[in-house]
Amino acid sequence: IAGSGVDAILITCTNYIALVDDENRKKSVPYIYIDEPFFRNICTIQEPQILLFTNSDTVKGTVDRLNQYALANKKTIHFEPRVLPNAFSLLMNGNKKEHDLLLAQYIEELIINGNKQISVAQLSMVDVAKQLSSKFSLPILNPLDVLADAILTSLK
């Protein structure tokens, strides 16, 4: 991809980001990692937070990279990774509406029953996070919004 004349390479999967070797990181084409702006924002939150997943296969890689990011940047974070079971399989079977409904119900319960900051770790969760953030007038951190903010800031 780097040799095809693109302006940048955006990698949206933390597990794939972990596979990018140092040689590729030094290419003339910039690599943009979706998780770094997300991690930077997570590390600014002082209170305990929930980092929500629907795909259990992404938890370990994301948590490992988040902890590495926090350590490298001398940040202390207090987060609890949680997985919403069965939601990702709905999405993978083409049932986005059911996925979103299950996710919305779960996040609403978290909001009503708790006082922790909620962050969603996957792009497939962004629509629901934005809807509920608006509905409840509280921030639900997601990787897409912070990436867009980081890109816009870099263009100024």
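Guide: Strands β3 and β4 (residues 79-83) are paired in the parallel sense over five bridges. This is a predicted model, in which local features need pLDDT of at least 70, side-chain atom pairs count only at pLDDT 80 or more, and totals for chains, interfaces and linings use all residues. Residues are numbered from 1 along each chain as its sequence is written, and side-chain values use heavy atoms, with hydrogens and water left out.

Visitor: What makes β3 and β4 a pair?

Guide: Strands (DSSP runs of E, at least two residues, numbered from the N terminus, as are helices, runs of H or I of at least four) pair if DSSP finds at least two bridges between them. β3 and β4 have five bridges, so they meet the condition. Within this pair, Leu51 stands opposite Pro81 in β4. Between the two strands the chain passes through helix α4 (residues 59-72), and this β-α-β crossover is right-handed.

Visitor: What is meant by a right-handed crossover?

Guide: With the strands pointing away from the viewer, the path from the first strand over the helix to the second runs clockwise. A right-handed β-α-β unit is also made by β5, helix α7 (residues 126-136) and β6.

Visitor: How do you know that β5 pairs with β3 and with β6?

Guide: Strand β3 (residues 49-53) and β5 share four bridges in the parallel sense, with Gln49 opposite Gln117 in β5. β5 and strand β6 (residues 140-141) share two bridges, also parallel, with Ile118 facing Ile140 in β6.

Visitor: Which strands are called edge strands?

Guide: The open sheet has four strands in the order β4-β3-β5-β6, with parallel pairing. β4 and β6 are the edge strands, as each pairs on one side only. Helix α6 (residues 96-113) packs on this sheet and touches β3, β4, β5 and β6; its direction makes about 170° with that of β3 (angles run from 0 to 180 degrees between N-to-C directions of axes fitted to C-alpha atoms, for helices over the stretch in contact).

Visitor: What kind of aromatic pair do Phe38 and Phe39 form?

Guide: The structure holds three aromatic pairs. The ring centres of Phe38 and Phe39 are 6.4 Å apart and their planes stand at 35°, so this pair is tilted (Phe, Tyr and Trp rings, the last by its six-membered ring, pair with centres within 6.5 Å; under 30 degrees is stacked, over 60 edge-to-face, the rest tilted). The rings of Phe39 and Tyr69, with centres 6.1 Å apart and planes at 55°, are likewise tilted. Phe39 lies in helix α3 (residues 35-42) and Tyr69 in helix α4, so this pair ties together parts 30 residues apart in sequence.

Visitor: How do you know whether Phe38, Phe39 and Tyr69 are buried or exposed?

Guide: Their relative accessible areas are 2% for Phe38, 0% for Phe39 and 17% for Tyr69, so each counts as buried. Phe38, Phe39 and Tyr69 form one aromatic cluster.

Note on methods: Buried < 20%, exposed > 50% of the residue type's maximum accessible area, 1.4 Å probe, protein only. Contact = heavy atoms within 4.5 Å.
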